[in-house]
Amino acid sequence: MLFNYTIKNWADWGKVFQSIEEFTPLAQEIFRREKLEFTNLENLTPGTNAVFRAGNYVVKIFAPKELGLDSQADYLNESAVCGALTERGIPTPRMIACGSVQDKYLFYYIITEYYSGVEAGAWLEKATLGQKKIFIERLRELLQKLNRSAQGLIPPVDLLSRALGNSRLERLPDSLRAEMAARAANLDLTDTVLVHGDLTGENILVDSESSPVIIDCADACLAPWWYELGPLVFELFHCRKDLLRLFVDTDSETFVERILDAVCIHDFGANMLWDLAEREKVPCFSHLADVRDFLLNRVCG
């Protein structure tokens, strides 16, 4: 047995998914099978799955199905999207290997090149105006390559059903939750493209020339292009005026309406609004009109 820890629930996984000691034997076997040189594991920014650096590589070991996730679907989704990004000329670490190991649990894995860029969230805090302009211009160019048709690449997701049944909405005020559901139900979700779905400050790295590099495609899906705006605005830009005004390339009101669409349909839209209120040290928004006013002030106020 390579992995000896018993996982019964998310609390168990939370205790072990960053454990170098527990995952080293499993990682060594994965590297042996792939005929890659193994180097001692190092922790990287935590997410849902077990992700480690091993020298020039990053190995992601997906949480097992015993936690209630469809780990095989997540693995197939991410491995397909990683390949598509490379084909489209989008800066992203190259995928080296992928597969599965049947041990105490069935573990799917992906190995990519390690990229040593700086996480965009931290980088933007210190970047000069000139660097931010270059970054955002190249981010727009990247999105044009990314947000294109990809029918057949990955299975479609019923975005509306997922949004309406999303348990994360329960943390929001009743009035806001009802308005978000009503808005989501009236959205046109038929014109879909490939979206990363999680372009946060941790999932974009910045190279020495202020250019963005995308990592972690676990939440990629087929959705309207504006689905991408939720994480970008709330989790990458943190609604900062300087960054939003550099990014907006249409009239402010149209841009804000698209953000509202995104946050109502995005799987983590409720968390974005909750986290925004906490960062701003204000009560959670009660109505979408409050969110609209806040964003308009940041974009053009």
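How much space lies in the second largest pocket? The views below belong to a predicted model, in which local features need pLDDT of at least 70, side-chain atom pairs count only at pLDDT 80 or more, and totals for chains, interfaces and linings use all residues. Residues are numbered from 1 along each chain as its sequence is written, and side-chain values use heavy atoms, with hydrogens and water left out.

**View 1. The second largest pocket holds about 320 Å³ of space.** A pocket here is an open set of points on a 1 Å grid over the protein atoms alone, where a 1.4 Å probe fits, with protein on both sides within 12 Å along at least five of seven lines, and lining residues have an atom within 4 Å of a point. Of the 13 lining residues, Leu143, Trp225, Leu229, Phe247 and Asp249 are the closest to the centre of this pocket. Helix α5 (129-146) is one of the elements that each supply at least two lining residues, and α5 gives the most, with three.

**View 2. Helices α8 and α10 cross at roughly 100°, and their axes, which are lines fitted to C-alpha atoms over the stretch in contact, come within 8 Å.** The two helices are therefore roughly perpendicular to each other, a term for angles of 65 to 115 degrees. Their contact (heavy atoms within 4.5 Å) is made by Leu229, Gly230, Val233 and Phe234 of α8 together with Phe255, Arg258, Ile259, Ala262 and Val263 of α10.

**View 3. Helix α7 (residues 174-185) packs against helix α10 (residues 252-265) at an angle of about 105°, with the axes 9 Å apart.** Met180, Arg183 and Ala184 are the residues that α7 brings to this contact.

Definitions and conventions: Axes fitted to C-alpha atoms, helices over the stretch in contact; angles between N-to-C directions. Helix = DSSP H or I, 4+ residues; strand = E, 2+ residues; numbered from the N terminus. Points joined across faces, edges and corners; volume = space filled by probe spheres on them. Parallel < 35°, antiparallel > 145°, perpendicular 65-115°, else oblique.
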